[in-house]
Amino acid sequence: MPAIVDPEQAKWTMTEQTIDPASGDAVTGSRWPVRPWLLAGLLALAGLAIWAATGGDGPDTKEGWRAALGAFVFFGAGAFAFSLERDRWRGPLAFAALAGLVMAGLAWRAVGSGDAHAGSEYGFLAGLAATGIALPLFQAGFHRTRFATPYARIHRQVWDDAICLAGSVVFLGASWLLLSLLSELFHLLKIEVLRDLMREGWFGATFSGAALGAALGTLRNEIGIIGTLRTVVMAVLSILAVPLAAGLALFLAAMIVSGPDVLWEATRSATPVLLACAAGAWVLANAILREDDGESSGNRALRLAARVLALSILPLTVFAAVSMGTRVAQHGLSPERLWGIVAIAVATACGLAWFVAAVRGRRHGWQENLRRANLNLAVLVSAVALFLALPIFDFGAIGARQQVARLERGTVSAEAFDYEALRWEFGDAGRKALAALGRSDRPQVARLARLALRDRRVTQVEPRRTDRGLIVVRTADPAVKDRVYRNLATDGYRCAQGCYVIDLGPARGGRRFAILGGITANVVIIDAEGQFEPDIETDLRAQTTLYRHGDTVEVRTVPRKTLFVNGKPIEVLDPARALEGAPTGR
């Protein structure tokens, strides 16, 4: 009696089969000799187009239309390269165009609107998450079979895409290393062609695209090798599941005994740490579950670890929610915290779905329940991420209303209220709210709000805790602020025990910043890459201890720019060094 073959199964397991017997569609991952050359040419042209569209600035472009055009080409070409198959290009082209348009709109909103829409960069990341989840769903044919799509098909597609992407990036690095080596080799003969080309932005973008396309096309042709590598990667990852499961079980048991308050006393980073542990538990549990019971590990220790990890995700996300709630109760809402609340809500929903699936299965069937939950959650998270990425909710307006309400209720005093944050971190809605506070009946509130609108630094901000102490960076440019934080967190010379960094305005090649530590002070120029250069035109002198956490630091014009700590000048900043014996002291 001839064997009965499921045509759907045959579609995804026969590597040499190019046509699906059931639908006539091309098989994802089938061998196609032209694919590496085609994708190399496609992504090379895409790289060149991105370079031209962004004016050579790439993702650092400050013009909205350039950012939108670059994002459309980047994400559209990427989605098309991952989903293109022999004899099937219309569907991938439509999906790529849709993905490119969505990401182009989000890029324009994040860059073109400046700081008018607070948190627009998080909206871009949400759109990126939605696109990243939708791609393997589309490749697996979810748009045709919807929730009847076999989980094994989607599971393989996700891992195959991840492995192909990682392999392509590694090949890109190796390609640049080889090119650098060749350029140095020809340099020995005084032939500078390669060196000169490597300095050209258009060449770098084109070469990178070609390398990525060639690697991606080659890897997608070797579906059998990718399948073996997928199994190896999951087997290796599953080894980590046992110690993580044991650690999480001990952690949760300790939390029951000691209570969650110890978390908030020990660190201000409880929320990201808890979410990172929850994400790690989800990845490692899936490495054990795999695509079906036949592929899943039969080791009892690994199965027990997978179940412990599945049950641990919910309490971890709940503790993260409590941690975020504590921060909101202390400091109120902001666009960043609102996005954090959304991320925690999604993570908690995933944890709850897994908890219910694991409990309902009891001794048998819980693994299949988790796999089915994964499929439902993938669709839900992609839809929610896309919905939140669209310009429907103004998190800046929501946060500004709540902050003003806290001030009006007396939850925060007029002196402690962060007027500057309302101006710079909440977008147009924050500035409108600040202007309204400038007309307040409370004299102190109105005065401080008007000072903030005149760009006076009058309040403290929430510092970042690092291994070297508390670091406060005061600047209106969030991108510059992040770069300064990253550099100072590892700079043992300028910020050995914490410091205060304040923006003094534009300078040649970047912006001028004063860095105040407990016993040192200096002025530097920070360029667009976040690199520090000494400011030889500005002299900053002080005779006593300069700054302790909690001091108020501001810049006043009296009539020259002078740095004040707790209302007292510590130095005259005179580029021409015309003044000697400037007033100093705390």
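This is a predicted model: local features need pLDDT of at least 70, side-chain atom pairs count only at pLDDT 80 or more; totals for chains, interfaces and linings use all residues.
A residue counts as buried when its relative accessible area is under 20%.

**Stop one: helix H19.** Select residues 443-453, which form helix H19. Its buried residues are Val445, Ala446, Leu448, Ala449, Leu451 and Ala452. Next, display helix H16 (395-409), helix H17 (419-424) and helix H18 (427-437), against which the buried residues of H19 pack.

**Stop two: the largest nonpolar core.** Select Ala241, Leu309, Leu316, Trp354 and Leu370; within the largest nonpolar core, a set of 28 residues, these have the most contacts. The elements that contribute two or more residues to this core are helix H10 (223-258), helix H12 (270-289), helix H13 (300-331), helix H14 (335-361) and helix H15 (366-389). H13 gives the most, with nine residues. Now centre the view on Ala241: setting aside neighbours within four places in sequence, Ala241 is in contact with Leu284, Ile288, Ala305 and Leu309.

**Stop three: a second core.** Select Trp32, Ala79, Phe82 and Phe138, which are included in a second, separate core of 20 residues.

**Stop four: helices H5 and H7.** Select residues 120-139 for H5 and 151-187 for H7. The two helices pack at an angle of about 125 degrees, and their axes lie 9 Å apart. H5 is therefore oblique to H7. The crossing of H5 past H7 is right-handed. To see the contact itself, show Leu135, Pro136, Leu137 and Gln139 in H5, which meet Ile154, Gln157, Val158 and Asp161 in H7. The residues of this contact comprise five nonpolar, two polar and one charged.

Notes:
Residues are numbered from 1 along each chain as its sequence is written. Side-chain values use heavy atoms; hydrogens and water are left out. Axes are lines fitted to C-alpha atoms, for helices over the stretch in contact, and angles run from 0 to 180 degrees between N-to-C directions. Helices (H or I, at least four residues) and strands (E, at least two) are DSSP runs, numbered from the N terminus. Angles under 35 degrees count as roughly parallel, over 145 as roughly antiparallel, 65 to 115 as roughly perpendicular and the rest as oblique. A crossing is left-handed if the near helix is turned anticlockwise from the far one by less than a right angle, and right-handed if clockwise. Contact means heavy atoms within 4.5 Å. Ala, Val, Leu, Ile, Met, Phe, Trp, Tyr, Cys and Pro count as nonpolar, Asp, Glu, Lys and Arg as charged, and the others, Gly among them, as polar. Buried means under 20% relative accessible area, exposed over 50%, partly exposed in between (1.4 Å probe, protein chains only). A nonpolar core is a set of buried Ala, Val, Leu, Ile, Met, Phe, Trp, Tyr and Cys residues joined through side-chain atoms within 4.5 Å.
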